[in-house]
Amino acid sequence: MKVMGAKIAAEGDSAEKSIFLWQDVYNTTTDPMVKENAQNHLQLLHAQEDCKHIDALADEFQKRFGRRPTHVSELIQARLLRGAPVDPLGYPYVLSEEGKAELNLESPLLEKQVLVEPKK
């Protein structure tokens, strides 16, 4: 039931609640596969939250400079970030052509994202 609740919270765009529930699943299960699944969801949820934060900084960059940044380094140069943010596995985030934050193509989380997230 906890897993179902965590999935519903994630799909309902309640990241905080979903993180809480997945963390509870991770902490209480004895099943290694369930634990790994919970860890994957937690990593992806944290990455999504990071991307939302970076996107908000890119919005601020656009207000200041009249265009979206094309590289995270521009956010650093504009003093909106102190350093290059990395995903939970240590891979730096990148910006898409539209200036939106996303996982690095080299990050193993990208494959997990395809396997875990519901199709839209």
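Is Glu60 buried, partly exposed or exposed, and what is its relative accessibility? Glu60 counts as partly exposed, at 29% relative accessibility, where buried means under 20% relative accessible area, exposed over 50% and partly exposed in between (1.4 Å probe, protein chains only). The legends below place this residue in its surroundings.

This is a predicted model in which local features need pLDDT of at least 70 and side-chain atom pairs count only at pLDDT 80 or more, while totals for chains, interfaces and linings use all residues. Residues are numbered from 1 along each chain as its sequence is written, and side-chain values use heavy atoms, with hydrogens and water left out.

**View 1. Overall arrangement and confidence of the model.** The protein has five helices and two strands, which follow one another from the N terminus in the order α-α-α-α-β-β-α. Helices (H or I, at least four residues) and strands (E, at least two) are DSSP runs, numbered from the N terminus. Of the 120 residues, 35% count as buried. Among contacts with a separation of 6 or more, 34% are between residues 24 or more positions apart; contact means heavy atoms within 4.5 Å. The mean pLDDT is 87, and 86% of the residues reach 70 or more; pLDDT is the predictor's confidence in each residue, from 0 to 100. Over residues 4-9 pLDDT stays under 50, and the model has nine contacts beyond four places in sequence for this stretch. Where pLDDT is low, the predicted coordinates should not be read in detail.

View 2. The whole structure holds four salt bridges, each defined as a side-chain nitrogen of Lys or Arg within 4 Å of a carboxyl oxygen of Asp or Glu. One of them joins Glu60 to Arg64, with the closest N and O atoms 3.3 Å apart. These two residues are separated by about one helical turn because they are four residues apart in helix H3. Arg64 counts as partly exposed, at 46% relative accessibility. Another salt bridge links the side chains of Glu49 and Lys52, at 3.5 Å from N to O. Glu49 and Lys52 are three residues apart in helix H3 (residues 32-65), and therefore about one helical turn separates them. Glu49 is partly exposed at 32% relative accessibility, and Lys52 is partly exposed at 43%.

**View 3. The salt bridge between Arg67 and Glu74.** The side chains of Arg67 and Glu74 meet at 2.4 Å, N to O. Arg67 is partly exposed, with 40% relative accessibility, whereas Glu74 is buried, with 13%.

**View 4. The nonpolar cores.** A nonpolar core is a set of buried Ala, Val, Leu, Ile, Met, Phe, Trp, Tyr and Cys residues joined through side-chain atoms within 4.5 Å. The largest one has 16 residues, of which Ile54, Leu75, Leu80 and Tyr93 touch the most other members. Helices H3 and H4 (72-77) each supply at least two residues of this core, and H3 gives the most, with six residues. A second, separate core has six residues, including Trp22, Ala38, Leu42 and Leu45.

**View 5. The surroundings of Tyr93.** Neighbours within four places in sequence are left aside here, and the residues in contact with Tyr93 include His46, Ala47, Asp50, Cys51, Ile54, Val72, Pro85 and Leu103.

View 6. Rings of Phe, Tyr and Trp (its six-membered ring) pair if their centres lie within 6.5 Å; planes under 30 degrees apart count as stacked, over 60 as edge-to-face and the rest as tilted. By this rule the count comes to one aromatic pair. The rings of Phe61 and Phe65 have centres 4.6 Å apart and planes at 45°, so the pair is tilted. Phe61 and Phe65 lie four residues apart in helix H3, which means about one helical turn between them. Phe61 is buried at 3% relative accessibility, whereas Phe65 is partly exposed at 48%. Elsewhere, Lys35 lies over the face of Tyr26, at 4.0 Å from the ring centre. A charge sits over a ring if NZ of Lys or CZ of Arg is within 6 Å of the ring centre and within 35 degrees of the ring normal.

**View 7. Arg79 and its loop.** Arg79 is found in the loop between H4 and strand S1 (94-95). Most residues other than glycine have a negative phi. Arg79 is not a glycine, yet its phi is positive, at about 65°. This residue counts as exposed, at 76% relative accessibility.
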